[in-house]
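Open the model in your viewer and keep the selection tool at hand. This tour goes from stop to stop, telling you what to select next and what is there.

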Amino acid sequence: MKVCALICFSITFADTMMKFACFETIVEMVYKHAVPKPKDQCSKPLQLAVSFAGGYIAGVLCAAVSHPADNLVSFLNNAKGATVADAITTIGLWGLFTRGLPLRIIMVGTLTGAQWATYDAFKVFVGLPTTGGVSSSCHAATTFHRVDHEKQN
């Protein structure tokens, strides 16, 4: 049971780190390579669509990274007394990586995309910029604060 707990922890850690590590970079790349105008000129619905797409892609990567360990945990929970070696023998190394992966990609990708879109929708609701670079108003405020700070020193 300790092995299952350790694997579950590693799955959760890998999921979360992959989502956070990829999302911002993916959104930046979408704005840079796929959206024909600067983010500041995009409508809020388009910005939220970019957030969903970035979240979906991050979810796909997350699913691919954590899937083998999730298959392993599922096998160990269903086959009482089985070991990791039993799982690899029964499912096969290729099976650990591929069995059920398409459905997991759809599920995790959609959920992650929805989570990030909800996050950015809340930011829009409270008047903050969406993910993906610094908007000109935020950049101006940062520059003003930096200049004001330098004057004080």
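Buried means under 20% relative accessible area. Keep that cut-off in mind, and remember that this is a predicted model.

**Stop 1**

Select K123. Its relative accessibility is 14%, so K123 counts as buried.

**Stop 2: a salt bridge between helices**

How many salt bridges does a search of the whole structure find? It finds two. For the other one, select D70 and R104. Here the closest N and O atoms are 2.8 Å apart. This pair links distant parts of the chain, 34 residues apart. D70 belongs to helix α2, residues 44-78. R104 belongs to helix α5, residues 101-125.

Is R104 buried or exposed? R104 counts as buried, at 11% relative accessibility. D70 is partly exposed, with a relative accessible area of 25%.

**Stop 3: a buried lysine**

Go to helix α1, residues 2-33, and select K19. K19 has a relative accessible area of 19%, under the 20% cut-off, so it is buried. Show what surrounds K19, leaving aside neighbours within four places in sequence. You will find contacts with A58, C62, T112, Q115 and W116.

**Stop 4: the largest nonpolar core**

Next, select C22, F23, I26, V27, V30, Y31, V35, C42, V50, A58 and W116. These eleven residues make up the largest nonpolar core. Helices α1 and α2 each supply at least two of its residues. Which helix gives the most to this core? It is α1, with six residues. In soluble globular proteins, nonpolar side chains tend to be buried together.

Stay with A58, one of the residues of this core. Again leave aside neighbours within four places in sequence. A58 is in contact with M18, K19, C22, F23 and I26. K19 is the lysine from the previous stop, in helix α1.

**Stop 5: a second core**

Finish by selecting L76, A87, I91 and L96. They are among the six residues of a second, separate core.

Notes
Residues are numbered from 1 along each chain as its sequence is written. This is a predicted model: local features need pLDDT of at least 70, side-chain atom pairs count only at pLDDT 80 or more; totals for chains, interfaces and linings use all residues. Side-chain values use heavy atoms; hydrogens and water are left out. A salt bridge is a side-chain nitrogen of Lys or Arg within 4 Å of a carboxyl oxygen of Asp or Glu. Helices (H or I, at least four residues) and strands (E, at least two) are DSSP runs, numbered from the N terminus. Buried means under 20% relative accessible area, exposed over 50%, partly exposed in between (1.4 Å probe, protein chains only). Contact means heavy atoms within 4.5 Å. A nonpolar core is a set of buried Ala, Val, Leu, Ile, Met, Phe, Trp, Tyr and Cys residues joined through side-chain atoms within 4.5 Å.
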